[in-house]
Amino acid sequence: MEYNLADLFESVVDAVPEREALLYVDHPGTGAERRLSYARLDAAANRIAHHLLDAGLRPGEHLGLHLYNGVEYLQSVLGALKARLVPVNVNYRYVEEELVYLYRDADLAALVFDGEFDERVAAAAPQAPALRHLLRVGGSPAARPPLTAVPFGEAEAAGSPARGFAPRSGDDQFIIYTGGTTGMPKGVMWRQEDLFFSGLGGGAPTGEPVKAPEELAERVAAGGAGITFFPTPPLMHGTSTLTAFIGFNFGQRVVIHRKFVPAEVLRTIEREKVTSVSLVGDAMLRPLIECLKGPLRSTDCSSLFSVSSSGAIMSDSVRAEFQALVPNVTLLNNFGSSESGFNGTATADSGPERGFRLRVNARTAVVDPATYEPVAPGEPGRIAQRGHVPLGYYNDAAKTEATFFRKGEERWVLLGDMATVDADGIVTVLGRGSQCINTGGEKVYPEEVEQALKAHPDVYDALVAGVPDERWGNRVAAVLQLREGAPELDLSAVQAHCRARLAGYKIPRALVLTERIQRSPSGKADYRWAKTVAAGATDG
């Protein structure tokens with residue numbers, strides 16, 4: 001047995017076959033749900049795996065997942081891994097042109113898609129020459145466009161529930177496409193063994209990683225049930241799928257909703273005694289707070305012991321609001337990426353005054369991007385990780401060469417995040433280098449300014465971008481979404497608020513108010529949108 005995700009999952013199934021593995025709530029509020037034990041989920045994945053192999057798919061080929069959250073998503077990921085196919089996440093917000101790009105760039109051979117996306121798939125699929133097999137989930141048969149696709153239910157019914165697959169390897173791949181909010185999405189190629197240790201914590205994200213593949217099931221068999229993991233973002237966001245797999249590696253229950261509906265998330269936490277919730281920053285935490293302060297103020301969240309965020313920061317002010325409502329919960333700002341997995345967790349004193357400070361793992365360092373040598377305390381560099389890192393970017397040798405490197409006998413990945421490190425090894429993240437605003441020679445990282453802005457009691461959400469300035473090259477612009485019923489803010493009020501928290505050159509020089517901040521479905525910042533909005537509103 002190797003560190004192969006399908007092998008590891010099957011070992012857990014054999015240890016606790018009747019334990020509940022997955023609860024799926026379809027349309028929140030309707031009561032429609034599906035519950036699957038580990039044995040039932042395993043058999044369902046086997047059926048799809050056999051269907052794909054019977055349809056002519058070969059080990060190493062790529063299976064796209066163009067789906068909302070559902071049993072079919074995780075079933076298809078597991079089925080692909082069992083059949084030694086490579087699962088590839090597809091952003092369900094993409095329109096035809098973006099889908100054509102991703103289908104082609106990823107060399108998809110097969111696609112599982114939601115019936116709601118019929119028209120987009122019908123337009124994009126014929127333009128992807130390698131794509132030859134389609135599986136359609138749900139939808140109305142009468143509304144189907146001219147598209148040849150096998151109904152998912154028929155494929156599942158025809159496939160064998162038994163295993164009977166060829167031997168698998170830790171070298172089998174898993175591809176995670178980045179969000180594309182700062183450029184074209186890139187496919188990060190992971191060996192499954194590397195992903196198991198970097199993205200899944202080696203079977204114990206908060207403890208000692210396993211020392212042999214067989215040890216995972218031994219730990220599961222020795223422990224009991226009682227933990228419920230609830231990844232609330234879309235599964236097409238890599239972190240959400242990895243959170244589900246962390247739950248499976250513990251032999252515990254995973255809960256998913258089709259879409260993020262704050263009130264239903266809270267009702268599920270109360271009803272199912274959820275213990276661990278993952279989300280993406282303030283964009284998801286704020287709506288939960290509003291519900292707890294309003295119509296769901298009596299919701300029992302006492303079972304909840306951790307709420308973790310990755311991909312975006314839970315700001316200090318928002319965390320404090322939630323902590324006051326759910327006093328016993330631990331709030332964790334985790335740091336990681338599609339290219340590195342998990343790097344570390346924010347310290348207790350992390351915030352607008354001291355910055356986003358991280359206690360990182362032993363594999364993470366801040367290095368000079370020119371020499372790859374560690375920087376001196378206080379000197380800026382880029383975050384890098386060694387050891388269990390991806391193989392590179394699929395179909396992009398140039399970006400792979402610029403991001404992945406060898407130092408001695410170890411493989412490293414150089415992330416886009418700028419940071420400093422102090423004498424105690426605490427890393428302060430300055431921000432993503434590609435979003436850094438150069439104003440009069442000074443560098444301003446949007447994330448730092450956004451934290452300060454969101455501490456204002458009337459600000460609901462904020463993004464910061466640089467806009468052209470004849471004198472300074474760029475000036476800092478704030479795009480704000482105010483709380484409902486809040487008085488309209490002007491630039492001078494925003495500047496006065498920030499002046500106590502930020503150096504003068506970081507204070508916004510332009511302000512745009514918008515009804516709604518645009519973010520990805522997972523809650524990640526859309527800086528391209530923010531820059532366009534800020535530039536358009538400040539022209540002239």
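In which loop does Lys273 lie? Lys273 sits in the loop between α10 (262-272) and β12 (276-279). Helices here are DSSP runs of H or I with at least four residues, strands are runs of E with at least two, and both are numbered from the N terminus.

Ground rules, quickly. This is a predicted model, in which local features need pLDDT of at least 70, side-chain atom pairs count only at pLDDT 80 or more, and totals for chains, interfaces and linings use all residues. Residues are numbered from 1 along each chain as its sequence is written, and side-chain values use heavy atoms, with hydrogens and water left out.

Back to Lys273. Its phi is near 55°, a positive value in a residue other than glycine. Most residues other than glycine have a negative phi. Lys273 has a relative accessible area of 46%, so it is partly exposed. On that scale, buried means under 20% relative accessible area, exposed means over 50%, and partly exposed is in between, with a 1.4 Å probe and protein chains only.

Asp107 also has a positive phi, about 50°, and is not a glycine. Asp107 is found in the loop between α4 (96-105) and β5 (108-114). Asp107 counts as partly exposed because its relative accessibility is 33%.

Next, the loop between α11 and β13. Ser303 lies there. Ser303 is buried, because its relative accessible area is 18%. What does Ser303 contact, leaving aside neighbours within four places in sequence? The partners are Ile269, Lys273, Val274 and Thr275. Contact means heavy atoms within 4.5 Å.

Cys301 counts as buried because its relative accessibility is 6%. Not counting residues up to four places away in sequence, Cys301 touches Leu266, Ile269, Leu292 and Val326. Cys301 and Thr268 are 33 residues apart in sequence, and their C-alpha atoms are 9.7 Å apart in space.

Now α11 itself. Two packed helices are described by the angle between their axes and the distance between the axes. For α11 and α12 (residues 316-325), the angle is about 35° and the axes are 10 Å apart. The axes are lines fitted to C-alpha atoms, for helices over the stretch in contact, and angles run from 0 to 180 degrees between N-to-C directions. From α11, the contact uses Asp282, Leu285, Arg286, Leu288, Ile289, Leu292 and Lys293. From α12 come Val318, Arg319, Glu321, Phe322 and Leu325. By class, the contact has seven nonpolar, no polar and five charged residues. Nonpolar covers Ala, Val, Leu, Ile, Met, Phe, Trp, Tyr, Cys and Pro; charged covers Asp, Glu, Lys and Arg; the others, Gly among them, are polar.

On a 1 Å grid over the protein atoms alone, a pocket is an open set of points with protein on both sides within 12 Å along at least five of seven lines; a cavity is a set where a 1.4 Å probe fits but cannot get out; lining residues have an atom within 4 Å of a point. Grid points are joined across faces, edges and corners, and a volume is the space filled by probe spheres set on the points.

The second largest pocket holds about 520 Å³. Its lining has 24 residues, with Phe260, Ala283, Arg516, Ser520 and Pro521 nearest the centre. Which element gives the most to that lining? α11 does, with three residues. The lining has 11 nonpolar, six polar and seven charged residues.

The whole structure has three of 30 Å³ or more. Of its 14 lining residues, Tyr73, Asn89, Phe174, Ile176 and Thr241 are the closest to the centre. That lining has 11 nonpolar, three polar and no charged residues.

The second largest cavity is about 40 Å³. Leu5, Leu8, Phe9, Val12, Phe245, Phe248 and Asn249 line it. α1 (5-15) and α9 each give two or more of these, and α1 gives the most, with four. α1 is mostly covered, with nine of its 11 residues buried. Those buried residues pack against α2 (38-54), α3, β8, α7 (192-198), α8 (214-222) and α9.
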